[in-house]
Each structure stands twice: as C-alpha cells, then as structure tokens.
Amino acid sequence: MLQILIQGFLLSGLYALIAMGFTLIFSVGRVLDLAYGAYLLIGGYTYFHFSQTLGFPAAAGLALAAVVGCAMGLAKFRLIVKPLGGGHVAVEISTLILAVVLQAGVVLVFGDSSKILLPIVPGVERLEGATVPYSNLLAAVASWIILLGLYCFVRFTHTGRAMQAVSMDARGAVISGIDSDRINAITWMISGALGALGGVFFASYTQLYPGMWVAPLIISVAVVIVGGIGSIIGTLVVAHIVGFMEITVSALIAPELRGVVTMLLIIGVLVLRPRGLFGREEI
Amino acid sequence: MAYLEIDGLSAFYGRAQALFGVSLEADQGDIIAVIGANGAGKSTLFDSVMGLTRTQGDVRLEGESLIGMGTSTIVRRGVGYAPERFNLFPYMTVRDNLLVGAYTAREDIQNNLEMVHALFPRLKEREGQETSTQSGGERQMVSLGRALMTSPRLLFVDEPTIGLAPRVCNEIAEALRRLRGEFGLTILIAEQNANFALSLSDRIYVLESGRVTAQGTHDELSDDETLAAAYFGH
C-alpha cells in the first residue's frame, strides 16, 4: 500500500509536468499539438547524447534538453502553426506527421534499439519496505518545483497574465495591447522546454527508444480530455488521477494494463462528460 | 488638421463590405457620438480603427496614420477600446483584468489604477471578485477601466449603456464626462440610445448601412424632422 502511495505521488508529479506543456498549448493556442510527445523524445535523446555520450554534467544535459525543446517549440510555431492560421485540423495533422518524421530522424542518428538512460542521481531509498530510486524522487521534486515556478509566472507576471488573457478571450487580449503572436510563441517555447525536461525524467523511468513519444502524448491527451481545461491546478489534479490509476492497476492487476486504463478513462469521459470534469477554460 | 481624422474608411469581412467610405473628425477633448440602428456599422467602424478588420482609406491620430499598424501598436499609440461585448477575462479577478490592460503601459499602473478607482469606486471594493460573477454594469466598468489602464489619449466606447439600468447609465455618463474634463481624453461613443449620446456629445454622426448619412450638433440635427423622429424621439 505504501509502495502504491509513494509510486503514485512520484509518477503523478512527473505526469503533471509532462501534461502541462500540452495543456498550455491547448489553452492558449486552442490546438492539439500532436507532435508534443516528440519534445520528450528529442529532450531525452539530447540529454543522452550530451550527458551520457559526451560526459557533460547532468545539470548541463538537462539545461541543453530544455533549450533544444524551447527552440523546437518556437520553430514549430513559426514554421507550421502560424502559417496554417487557425486551421486546427491542418495543425493537428501536420504536427502528427512531424512527430513521425522526428522519430525517423532519431532512428537515423541513434539507431532503432532502446537505450538505457543511467540514473540522473544513482541510488535508492528504502522506506518501510518501499523502494524509491533517487532518480524518480528527483524527477518528482523537479517537476513540482518547475510547476510551482510556472504557476507563479502565470499568476504574477505581465507575460503570464497575458497568456491567461489570450486563453480566456483572445480578442479582449488583443484590444488590451497584447501581441497574441508573441504570447503564442512564448507559450510554444515554454511547452517545448517542459516537454523536453519531462522527456529526460520519463526516460529515466523507462528507457529511450524512438517510439517513446506516443505514451506521453496519450497521457497528455487524457489530462486535457479528463480535465477539459488548461489550468495548472486542474492539470495537477487530473495528472494525479491518471498516475494513481496506472500505479494501482499495475500493482494490483497487471502491469500490461497500465496504459489501457488511461485510454479507457479518455473514452469514458468523452462519452459521459465531453466537456471534462472541470469545464473551465483558463490557465 | 483635426486631432482624429477618419478619411474615406471602408471595411470588409471577407468579400462583404461593411463600411463605405466613412469620414469623421474629432478635435482634442471632444466627445463624439456615432449613432445608428443595430447593424449600421458602428462597431465595425471602431473595430476598423483598432486594426481588427480589413480596411481601405485612412485613419490619422495627430497626423500619424494608424492604418497597417497591428492592434497592439495602435493601443501603444494611445488608442483605448471598450467593446460592446466587453471581452473580459471571466475567470480573472477585477484587479487582474485591469492589470492586463496595463500590459503596454506598465510605468503608469499606479496612476491609472487610482484614476479607475476614483471613477468607479466599486471596482476597488470588488477587486478580488471574478468578472464572470459580476453584473452587466460592473462588467462595463471593468471594460472601461481596462481600456483606461492602457493610458489612452483617444477612447472608443461601444454601446456603453446597452442593457444597463438608468442609475448605472448615469454613473457611466458621469465617468465619461470626468474623463474628458479632468483627464483631457478624446472620446468616441457608439450608441443606439441616442438621448444618452446627446447628453454627452459635442458632435453626432449618424451611420446607416455603413455610410455617414448626417452629422452635426444636437441642435443642427434636431432641425431635421426625419432624424429627430427616428433617433431623438421628438
């Protein structure tokens, strides 16, 4: 039971970090970025290349992953999303294709075999029978710190308030003097950085492989659909629902069903409550 | 040269034309009313000046053309806009709605907040309330307040009295008078409630089907029996 509780909290914190970048784009840009999982893919491999292959310190590897994610987010906005205007379907199809292309690029550069990411912090903590790898603890703590920072940024800075404004009423934001293109570009950059960092931590939980962008994308879609919102608090709540469900099913029924419950949850909410559990459009 | 010159302005939504060569002038400190029936093009005129529609023609503020500038640049040039549907941020507090308005005028936040609270003391009392829970009158005050937080020299106010109780209309009218008198703002008001507009304005433009069909002072327009019967109720 303690193991489930601890693992649930650790995994949920990571899921919240992973889903946050996706929900930000959904909230501010009003599109589903189906290449979101590719940030995790590229972030994970960037960390692997610099920290594991070239021997950079872990902090430098994490920082480089975030920078690459940021650049990817900006490039995606400038080269795909903005030229496509408000065409949601076009953006979604294009981003999905982009994810497949990036996966092929990773296969080309790193090969298609899985790679084990060494623990960012080696060692484990044993707590009354429960085993907690330091790497997982770091992933959860770092996720919480990043999310707290993001919450403060969105709530208490002019740029953060502008992001909220664009998400709630884009026209109201524009007539308040906000350049919505600039705010969208910033949001895509933040989303990329969050995804890339999430990718490093996610890979430290599992492993690096070219198809690793799919599972985080499903988790992110689940959080948006179940929450029905893009809010930070809402994302935290729903990420915990998904995280605890997965850990519980994995521990008590079968690990193979872990991802299945998330997909069943998506279908269930779509059928029973299409607007999601919260139904408020805010950050 | 007038302070504001709208010169032969036409506006388009896709292929549909909504304004047909509208011209209008305002001197600094004027309150100008644009009256007309629903669908006459009043909101389109204001949207067009704000750069929110595709236009032809020119709009000059103190001789500088605003055409081709993005809306955020037009706001930075000192043009504020309180639109008919408010376009507030429903899950933000009153204070945060006002602070969003300060996005381009951060150095003036304290002075502008004091001005808004002096005009609408209720916004100070309810600064922690979400605007989604407010009455129409309070939302109108927040909308005006947000526009004032942009530090405007020129203020466009679209249908400020629509759906409001007479007492609230009087509060809004008083605030607009003070904005002109104490703060020197030039104000353009779009109104269906012609008598409200008349009580405030120096000059009136009548808009019908996207064209200016008459203009003048209250006295000048009252001499036209058709206009007087259509808009002024006498």
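A: B:Asp223 sits in the loop between helix H9 (218-222) and helix H10 (225-232) of chain B; helices here are DSSP runs of H or I with at least four residues, and strands are E runs of at least two, numbered from the N terminus. This is a predicted model, in which local features need pLDDT of at least 70 and side-chain atom pairs count only at pLDDT 80 or more, while totals for chains, interfaces and linings use all residues. Residues are numbered from 1 along each chain as its sequence is written, chains are lettered from A and ligands numbered from 1 in the order in which they are written, and side-chain values use heavy atoms, with hydrogens and water left out.

B:Asp223 counts as exposed because its relative accessibility is 65%. The classes are buried for under 20% relative accessible area, exposed for over 50% and partly exposed in between, with areas from the Shrake-Rupley method, a 1.4 Å probe and only the protein chains shown as cover. Together with B:Asp219, B:Glu220, B:Asp224 and B:Glu225, B:Asp223 belongs to a patch of negative charge on the surface. Such a patch takes residues with over 30% relative accessible area and no salt bridge, like charges being joined within 9 Å and nonpolar side chains (Val, Leu, Ile, Met, Phe, Trp, Tyr) within 5 Å. Asp and Glu count as negative, Lys and Arg as positive, and His and the chain ends are not counted; a charge is placed at NZ of Lys, CZ of Arg, CG of Asp or CD of Glu.

Now the paired charges. Side chains of opposite charge can pair when their charged atoms come close. Over all chains the structure holds 18 salt bridges, each being a side-chain nitrogen of Lys or Arg within 4 Å of a carboxyl oxygen of Asp or Glu.

One of them pairs B:Asp47 with A:Arg171, with 3.0 Å between the closest N and O atoms. B:Asp47 is in helix H1 (residues 42-49) of chain B and A:Arg171 is in helix H7 (residues 170-175) of chain A, so this pair joins two chains. B:Asp47 is buried at 8% relative accessibility, whereas A:Arg171 is partly exposed at 31%.

Within chain B, B:Arg95 and B:Glu127 form a salt bridge at 3.9 Å, N to O. B:Arg95 belongs to helix H3 (residues 94-101) and B:Glu127 to the loop between helix H5 (121-125) and helix H6 (136-148), so the bridge ties together parts that are 32 residues apart in sequence. B:Arg95 is partly exposed, with a relative accessible area of 36%, and B:Glu127 is partly exposed at 24%.

The loop between H5 and H6 also holds B:Arg126. Its side chain meets that of B:Glu138 in a salt bridge of 2.2 Å, N to O. This pair links distant parts of the chain, since B:Glu138 lies in helix H6, 12 residues apart from B:Arg126. B:Glu138 is buried at 5% relative accessible area, while B:Arg126 is partly exposed at 35%. Elsewhere in chain B, salt bridges that share partners connect B:Glu5, B:Asp7, B:Asp58 and B:Arg60 in one network.

B:Asp96 counts as buried at 17% relative accessibility.

Note on methods: Buried means under 20% relative accessible area, exposed over 50%, partly exposed in between (1.4 Å probe, protein chains only).
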